[in-house]
Amino acid sequence: MTSFDSSPTPQVWRATPQVWRALLALAVVFVLLMTTGWTAIRDQRGPGGPREAAVAAWRDDRIGTRHLPDPQSPPAELTAFFASLSPRQRDRLATEHPLVVGNLDGAPVTLRYRANRLALRAALDAEQRRVDDRRLSPDGHREAVRRTHRFASLMRADRQILAFDPSGNGRVAEVFGDLDRAQRVSVIVPGVDTNLLTFQRSARKYTAPVGMAESLYAAERAAAPATRTAVIAWADYTAPVGVGMDAAIGRRAETGAARLVSLTGALPGHSRVALFCHSYGSVVCGVAARRLPPRVADLAVAGSPGMRAASAAGLGTRARVWAMRDADDWIAEVPYLEVGGLGHGADPVAPEFGARLLSAAGAVGHAGYFEPGTESLRNFAEIGVGSYRSVRCAGTGDACRGGISGATAL
């Protein structure tokens, strides 16, 4: 006879940490789909696609009997090509193919500025025709008006536009300072919702790439007046729209990283380069890290959702890795995980990640790191000019400054 007492003891199922992480990832997917829908993972479309036509015309052209190089050629090849041309030939290409020349990493910087001014003129003319089109919906008309204002602003004589593409939501990059003569170059890599229309803002100025760059450039000049600096507001990649599926996966970061590697490999001269990567921009920088050229000495992230790496060493870069997050940044609440392509990995400000942790005192919220007067901006500026002994670490110690030789500005 079998006693009830001899029945098998029920087993309590205990999920492993890996299972809990997978369940959490599935929950995040469910929430994102409920709040943003599947459309969040589709390509964002916008008016026009003029770059495709411009590239086709470029491919059909010649310099004498020579074919023009593929626009996707490595920057070094494009630099050599333009060096082989006469000034008249370079000017002709910029005039006839502004939308190509203005976006070629490896073309002379001043030639790109000139080409992009011409491309902006053509884009402004096209957008003004859209404004006058009575077939446009009210929303389409408002967007066309906003784009005309943005293009007109970018065309101002005092602006140096390094990249410009009006296709879709648009891409753009602007230089502050003399890029050709700079000893130190800082590149600001912004996050979600960055496009032509959000490149610059009047309200909350320092939350947009132009305001960030202006603020950092002023802070660097104050920190080291004798150092020749330049800052690039780099919105030359297609960023995710909103905190949806595109922001939770790495597809946009992978294409953005390729463009960032090309930019840093094509900068003129022998300047040292620092990347300042905000929010989803830190994902772009993390993906790009192992392919960055040796001249990139510093990689600093703020408000990061992760860098697609388990540790700073896992980034595979020789650049110093810095990280900061202010006390009330909502990004701290995102799940720091990576499961099946969802999420961006470990928290860069966690001690075990191994980044040099910086103070962000004075910064408020997720977008306040470049506000004048904050310790976050001051730290960025000191890194940008190479004055590492002057940075202020998170907490009370000085661990973030350890092991840096020659830790003074140029």
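**The cysteine pairs and the sheet**

Tutor: Cys 277 and Cys 285 are both buried, where buried means under 20% relative accessible area, exposed means over 50%, and partly exposed lies in between (1.4 Å probe, protein chains only). The model is a predicted one, in which local features need pLDDT of at least 70 and side-chain atom pairs count only at pLDDT 80 or more, while totals for chains, interfaces and linings use all residues. Residues are numbered from 1 along each chain as its sequence is written, and side-chain values use heavy atoms, with hydrogens and water left out.

These two cysteines are joined to each other: Cys 277 and Cys 285 form a disulfide with an S to S distance of 2.1 Å. The term disulfide is used here for a pair of cysteine sulfur atoms within 2.5 Å.

How many disulfides does a search of the whole structure find? The search finds two. In the other pair, Cys 393 is bonded to Cys 400, with sulfur atoms 2.0 Å apart. Cys 393 and Cys 400 are buried, and the torsion about their S-S bond is about -85°, so this disulfide is left-handed. If the bonded cysteines are numbered in sequence order, the pairing reads 1-2, 3-4.

We may now turn to Ser 279, which lies in the loop between β7 and α11 (280–288). Helices (H or I, at least four residues) and strands (E, at least two) are DSSP runs, numbered from the N terminus. Ser 279 is buried, with a relative accessible area of 8%. Its phi is positive, near 55°, although the residue is not glycine. Asp 193, in the loop between β5 and α8 (209–223), also has a positive phi without being a glycine, in this case about 65°. Asp 193 counts as partly exposed, at 32% relative accessibility.

Strand β7 leads us to the sheet. An open sheet of eight strands, with mixed pairing, has the order β3-β4-β6-β5-β7-β8-β9-β10. At its edges stand β3 (160–165) and β10 (356–357); each has a single partner strand, so one side of each is left without a neighbour in the sheet. Two strands are said to pair if DSSP finds at least two bridges between them. Strands of a sheet pair through backbone hydrogen bonds, either parallel or antiparallel.

Consider the antiparallel case. Strands β4 (residues 171–177) and β6 (residues 229–235) pair in this sense over six bridges, and Val 175 stands opposite Ile 232 in β6. Helix α10 (residues 251–266) packs on the sheet and touches β3, β4, β5 (184–189), β6, β7 (272–278) and β8 (296–302), a contact being heavy atoms within 4.5 Å. The direction of α10 makes about 155° with that of β6; axes are lines fitted to C-alpha atoms, for helices over the stretch in contact, and angles run from 0 to 180 degrees between N-to-C directions.

Strands β8 and β9 run parallel and are joined by five bridges, with Asp 298 opposite Arg 320 in β9. Strands β9 and β10 pair in the parallel sense over two bridges, and here Trp 322 stands opposite Arg 356 in β10. Of the five residues of β9 (residues 320–324), four are buried, so this strand is largely enclosed by the rest of the structure.

Finally, some words on confidence. The mean pLDDT of the protein is 88, and 83% of its residues reach 70 or more; pLDDT is the predictor's confidence in each residue, from 0 to 100. Over residues 1–13 the pLDDT stays under 50, and the model has one contact beyond four places in sequence for this stretch. Residues 25–48 have pLDDT below 50 as well, with 43 contacts in the model beyond near neighbours in sequence.
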